[in-house]
Amino acid sequence: MDASLIDWSRLQFAMTAAYHWIFVPLTLGLSLIVSVMETLFVVYKDEFWKRVTKFWMKIFAINFAVGIATGIILEFEFGTNWSNYSWFVGDIFGAPLAIEGIFAFFMESTFFAVMFFGWDKVSSRFHLTSTWLTAVGTSLSAFWILVANGWMQHPVGTEFNPDTVRSEMISFWAVVSNPVALSKFSHAIFSGWMTGAIVVAGISSWYLLRKREVRFASSSILVASIIGIIGGLATMMSGDKSGVDIAKYQPMKLAAAEGLRDGGKAASFSIVPGVEIPGMLSILATHDIDGYVPGINDILNGYTDNDGNVVPSVKEKIERGHEAIAALKRYRETKESSPDVSFKSLKSFQENSQYMGYGYLSSPDAVIPSIPLVYWSFRAMVGLGSFLMLLLFILSYFTWKKRLENLKWLHWVTILSIPLVYICGQAGWIVAEVGRQPWTIQDLLPVNVAVSALDSGAVQTTFFLFLSVFALFLVIELSILIKAIKKGPQVD
């Protein structure tokens with residue numbers, strides 16, 4: 001397979017996914033914040049909260065509209081750029097995407113219409129219900145997408161059919177209850193709450209700097225910071241669970257994120273190169289200071305895990321992968337003409353089938369992702385997340401004490417934190433997706449087999465075309481947002 005085709009296909013998909021993720025976390029966060037604000041309006045019958053809700057609902061709507069467009073493009077790229085992947089696992093991967101489109105997306109779209117256009121047309125309680133159901137639909141949409149992504153990280157509930165040469169689902173419940181998917185979902189949802197909180201706080205701080213809409217801005221910051229703190233604490237808890245899952249199911253990702261060449265018990269956590277906390281990595285990965293954490297060299301050469309299972313070297317996995325591929329070919333060629341040979345070939349395939357994906361790798365080193373990119377992305381995610389969490393605590397404190405209005409330095413810090421929360425989220429996805437390279441599906445299907453048989457020039461052309469369109473969309477969206485923010489909350 002042409003290496004440039006693989007690189008350009010990955011780059012195009014990465015660009016589309018990164019651009020789409022600009023809108024998803026804000027949608028998740030704002031939908032909850034708006035729901036809470038409207039609840040305050042319905043409970044206290046205060047028109048002020050209706051005014052606050054309407055403004056943030058407008059910001060939500062602008063973001064929601066562009067997010068839909070980018071999400072559709074992203075899903076289509078599975079068929080255009082990764083058709084072999086879609087053929088190989090379409091029965092599995094397509095199910096959660098179909099449920100997301102048929103159920104969750106239509107649910108959030110339907111109630112979004114009532115939420116945005118239904119003011120004074122339906123009762124206040126029905127409108128509030130629609131707002132909450134929009135938030136629920138948004139989260140359900142994210143759930144099904146992350147079920148699909150979680151399955152790519154840890155494929156469960158499926159088996160390979162040698163007759164159809166496809167992976168087929170044998171347990172829908174196993175796919176849905178995949179521990180990796182559940183960890184990713186909770187981590188994405190709660191970090192989305194933080195994103196929404198920081199964006200609301202940043203925009204509100206702009207009003208405070210200009211001495212405009214002081215009550216509106218202070219009240220918005222208080223609601224957002226409380227939700228952001230809850231989301232931040234929950235993000236830390238889900239991140240801990242995710243770390244244990246990665247150590248168990250994707251040890252190379254963890255080793256790359258730590259730059260860990262040689263593992264062992266009581267493994268140290270690297271804050272930055274040369275600064276380590278003894279034993280902390282073992283605690284994070286296994287919840288046991290004496291837990292064994294394999295390093296990159298251990299994974300390459302083979303090791304014994306904490307459950308006593310012997311994990312073969314990558315070289316042995318590649319050899320067994322070659323045998324699986326050859327046995328599958330013999331089975332299909334002799335299935336009709338020579339039943340005895342076919343039966344033996346099938347048995348050989350079944351003995352080595354779990355390593356079939358390794359048979360498409362060029363060398364053992366191919367399983368090592370980009371260590372510098374994963375290592376520093378992980379530190380950007382953790383470092384920025386910790387800073388933003390501290391900022392939310394500070395904002396909630398000074399707002400509660402009614403001392404926020406004149407703290408110009410804090411207003412500027414909050415405004416400048418808006419891009420930081422997006423960098424934090426993008427860094428997390430870099431760790432998740434780059435960290436599992438070269439696999440499209442962990443240990444099952446490498447990217448060089450999953451890619452479509454296209455001309456690399458065609459992918460380059462569409463890459464720059466999408467880049468131009470996305471840039472235009474972003475400029476348009478930002479201009480609409482800035483115009484809405486400058487106009488401010490309106491009085492009915």
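Which residues form one aromatic cluster with Trp206? I went looking, and found Phe55, Trp56, Tyr207 and Phe216 together with Trp206 in that cluster. A reminder to myself: this is a predicted model.

**Aromatic pairs**

I then turned to the count of aromatic pairs, which comes to 36. I picked out Phe13 and Phe78, an edge-to-face pair with 5.1 Å from centre to centre and 65° between the planes. Are Phe13 and Phe78 buried or exposed? I looked that up too, and both are buried.

**Arg379 and its rings**

My next stop was Arg379. I found its charged end over the ring of Phe269, 5.7 Å from the ring's centre. Arg379 also lies over the face of Tyr375, and there the distance to the ring centre is 3.7 Å.

**Helices H14 and H15**

Last, I looked at how helix H14 (residues 371-400) packs with helix H15 (residues 408-434). I noted an angle of about 145° and axes 8 Å apart. The crossing of H14 and H15 is left-handed. What do the residues of the contact of H14 with H15 divide into? I have 22 nonpolar and five polar residues written down, with no charged ones.

How values were computed: Residues are numbered from 1 along each chain as its sequence is written. This is a predicted model: local features need pLDDT of at least 70, side-chain atom pairs count only at pLDDT 80 or more; totals for chains, interfaces and linings use all residues. Side-chain values use heavy atoms; hydrogens and water are left out. Rings of Phe, Tyr and Trp (its six-membered ring) pair if their centres lie within 6.5 Å; planes under 30 degrees apart count as stacked, over 60 as edge-to-face and the rest as tilted. Buried means under 20% relative accessible area, exposed over 50%, partly exposed in between (1.4 Å probe, protein chains only). A charge sits over a ring if NZ of Lys or CZ of Arg is within 6 Å of the ring centre and within 35 degrees of the ring normal. Axes are lines fitted to C-alpha atoms, for helices over the stretch in contact, and angles run from 0 to 180 degrees between N-to-C directions. Helices (H or I, at least four residues) and strands (E, at least two) are DSSP runs, numbered from the N terminus. A crossing is left-handed if the near helix is turned anticlockwise from the far one by less than a right angle, and right-handed if clockwise. Ala, Val, Leu, Ile, Met, Phe, Trp, Tyr, Cys and Pro count as nonpolar, Asp, Glu, Lys and Arg as charged, and the others, Gly among them, as polar.
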